[in-house]
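Thanks for coming, everyone. Let me put the structure up, and then I will walk you through it.

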Amino acid sequence: MTSQDFSLSSGRSLKRSQMSFKTLFSNVMTGIAFACAIIALIPLVALLYYLLINGFARLGPQLFTQLPPPPYQPTSPQFNTGGFGNAFIGTLMTVGIASAISIPFGVFASIFLSEFARDTKLADSINFFTNVLSGVPSIVMGVFAYGAIVLTTKSYSAMAAGVALAVLMLPTIVRTATEALESVPKELRQAAFGLGATNYQTILGVVLPAAIPGIITGVMLGVARAAGETAPVIFTALFNNFWNLDPWKPTATLSALVFNFAGTPYKNWQQLAWSAALVLVALVLIANILSRWITQRKR
Amino acid sequence: MALATDNTQGMSWHRTATSRFLDKGFFWLTAAFGIGVGIILLAIAFQVGRDAIPSIQKFGLGFLTATRWNPVEDIYGAWTQIYGTLVTSFMALLLAVPVGVGVAIVLSEDFLPPRLQKPLVFMVELLAAIPSVVYGLWGIFVLAPLLQGPAMWFYKTFAGVPVLGSLFSTPPTGRGVYIAGIILAIMILPIISAISRDALVAVPLELRQAAYGLGASRWETLFRVIIPAAFSGIVGGVMLALGRAMGETMAVTMLIGNSSNPSPSLFAQGSTISSLLANQFAEADGLQVSSLMYAALVLFGLTLLVNILAELLVSRVKLKM
């Protein structure tokens with residue numbers, strides 16, 4: 001390096017000209033990228049806007065305690081009566097059945113993946129199957145539950161829908177629970193073993209409690225997704241215009257109600273569909289925000 | 001010291017038989033559930049395949065190319081639906097890939113301060129979590145009426161054009177393949193942008209620094225270094241989105257019109273495999289159920305293929321990280 005090198009470079013400016021092709025190209029591309037971001041946000045904003053406008057119109061406690069009304073004309077004094085109480089209970093029932101199946105199943109499976117089979121070929125292939133399972137269309141799980149339960153019991157039922165939704169929730173739960181268990185520090189396990197605890201005492205008494213926040217996150221996301229799923233429900237639980245608490249009978253759900261009522265020409269049924277959609281989206285929103293809050297607090 | 005040894009000698013280091021039994025039992029219990037997760041996929045394939053056998057025996061592979069779906073005469077062929085699935089999915093990809101990758105670039109570069117970037121990432125993720133049936137509801141009452149005008153203009157302008165014209169050859173109605181394609185594009189956009197963003201963020205910082213050091217601008221770096229390095233991850237994300245689009249049911253069922261008549265026009269009403277299943281399962285019996293199972297098996301196979309490819313691509317990205 002001689003002083004000549006410096007004088008050479010000082011003759012050229014390090015700044016780019018504002019009009020050079022390079023700068024122009026960069027600015028145009030930045031503009032296009034931001035346009036993409038705005039285009040992507042428009043549907044979200046529009047969706048939430050219409051959902052709030054139309055869904056809030058008749059939000060109230062009677063929605064959760066009354067049965068769907070017969071179709072009324074907008075001029076009728078009874079136009080704003082009725083609710084979707086049966087569908088709300090039905091959603092709780094189907095998602096409850098799904099949780100009762102998929103949470104123990106998923107948590108035990110992830111204990112195996114993270115505590116006994118970590119970093120083995122077997123765990124890799126189970127993870128692979130889990131990921132592929134999460135990509136299987138939800139309607140195929142409905143078809144599976146239809147074949148396995150509706151055809152054998154010869155009746156549409158909340159149980160069949162619960163099984164379909166359980167298969168749907170399983171990959172989410174396995175993935176998040178495995179992650180949560182794997183992030184529990186090794187020292188905790190070593191301390192428990194050092195005190196003379198056996199495998200199952202260590203896992204059930206020490207590792208699992210430490211991973212609970214992460215597992216709850218996964219369960220909440222799974223539940224919110226299952227509550228909104230419609231395709232696996234419409235021909236397993238079918239629908240029911242009346243109250244039903246028997247898991248082996250056809251049952252109404254909120255998501256099926258949105259589907260059934262949205263396609264009708266009756267204004268008061270359409271309004272109920274919007275309100276049910278608002279409830280479903282609120283559920284998804286709350287689950288997402290809570291899970292984010294839990295994972296952030298852990299850090 | 002002697003005391004300590006005495007103490008330990010008093011204690012038995014051996015576990016009781018019950019304790020060992022519990023430990024073994026616990027291991028095998030978790031192992032059964034763990035392997036069970038893998039087996040579910042096979043169980044689904046087995047169950048659906050078994051129920052499809054009568055239809056497979058009757059129609060064979062001709063089922064895939066025949067265009068009639070006639071419950072009255074009990075004759076079934078699913079080409080119209082397979083075609084509808086492919087057309088709506090590819091239309092969705094065509095619209096969503098450029099926009100989704102654009103969003104991923106905005107959300108992975110340092111255009112925006114982190115305080116603004118984080119909520120945006122969250123909003124895009126939220127878009128992915130909204131139930132399909134809600135998109136369908138919004139599509140019926142907001143999107144479909146909105147698209148009527150532009151679709152009419154397209155029809156009047158392009159219907160006469162020789163080759164391209166066949167895509168727009170029927171007058172648009174309130175339901176149709178094009179609305180289904182557009183709603184699918186909106187629904188898969190968050191998947192594409194989230195996975196592409198992960199892939200872009202995973203590119204080592206050194207590559208970027210080296211490019212900047214050589215005097216490359218931000219976009220030269222992106223096009224020549226970052227995007228090529230992240231390419232397999234982006235393609236993986238696009239494949240996952242394709243799988244989702246092919247299996248997506250409710251929004252499509254509510255907007256596509258559910259007609260079994262084959263037509264090349266995007267403005268015509270049509271159907272997809274999933275919309276066929278959603279519409280007919282509840283009222284089907286006999287050979288129709290079996291044929292629907294056959295159609296479900298075809299959909300299962302298609303999405304499985306796409307998802308396995310995507311999984312291999314995305315997991316390669318994760319290994320590099």
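This is a predicted model: local features need pLDDT of at least 70, side-chain atom pairs count only at pLDDT 80 or more; totals for chains, interfaces and linings use all residues.

Start with chain A. It has 12 helices and 0 strands. Read along the sequence, the pattern is simply α-α-α-α-α-α-α-α-α-α-α-α. How spread out is chain A compared with a compact globule? Its radius of gyration is 27 Å. The globule rule gives 19 Å for 299 residues, so chain A, well over that value, is more spread out than a compact globule. Along the principal axes, its C-alpha atoms fill a box of roughly 90 × 70 × 35 Å. Of the 299 residues, 45% count as buried. Now the contacts inside chain A. Take those with a separation of 6 or more: 72% of them join residues 24 or more positions apart.

Next, one helix pair. Look at α8, residues 186-194, and α9, residues 199-228, both in chain A. Their axes come within 10 Å and cross at roughly 155 degrees. Angles over 145 count as roughly antiparallel, and therefore α8(A) and α9(A) are roughly antiparallel to each other. The crossing is right-handed. Who meets whom? From α8(A) we have L188(A), R189(A), A192(A) and F193(A). From α9(A) come T202(A), V206(A), V207(A) and A210(A). By class, that contact has 6 nonpolar, 1 polar and 1 charged residues.

Now the contact between the chains. Chain A gives 69 residues and chain B gives 67 residues. Which element supplies the largest share of the chain A side? That is helix α2 of chain A, residues 21-56, with 17 residues. What about class? The side of chain A that touches chain B has 53 nonpolar, 14 polar and 2 charged residues.

L238(A) is not a glycine, yet its phi is positive, near 55 degrees. Find it in the loop between α10 (231-234) and α11 (254-262) of chain A. Is L238(A) buried or exposed? It has 22 C-beta neighbours inside 10 Å, so L238(A) counts as buried.

Over in chain B, go to D74(B). This one is not a glycine either, and its phi is positive at about 60 degrees. D74(B) sits in the loop between β1 (69-70) and β2 (75-76) of chain B. Here the count is 11 other C-beta atoms within 10 Å, so D74(B) is exposed.

That is the tour.

Notes:
Residues are numbered from 1 along each chain as its sequence is written. Chains are lettered from A and ligands numbered from 1 in the order in which they are written. Two residues are in contact if their C-beta atoms, placed from the backbone, lie within 7 Å. Helices (H or I, at least four residues) and strands (E, at least two) are DSSP runs, numbered from the N terminus. Ala, Val, Leu, Ile, Met, Phe, Trp, Tyr, Cys and Pro count as nonpolar, Asp, Glu, Lys and Arg as charged, and the others, Gly among them, as polar. A residue is buried if 20 or more other C-beta atoms lie within 10 Å of its own, exposed if 12 or fewer, and partly exposed in between; C-beta atoms are placed from the backbone. The radius of gyration is taken over C-alpha atoms; the globule rule is 2.2 Å times the number of residues to the power 0.38. Axes are lines fitted to C-alpha atoms, for helices over the stretch in contact, and angles run from 0 to 180 degrees between N-to-C directions. Angles under 35 degrees count as roughly parallel, over 145 as roughly antiparallel, 65 to 115 as roughly perpendicular and the rest as oblique. A crossing is left-handed if the near helix is turned anticlockwise from the far one by less than a right angle, and right-handed if clockwise.
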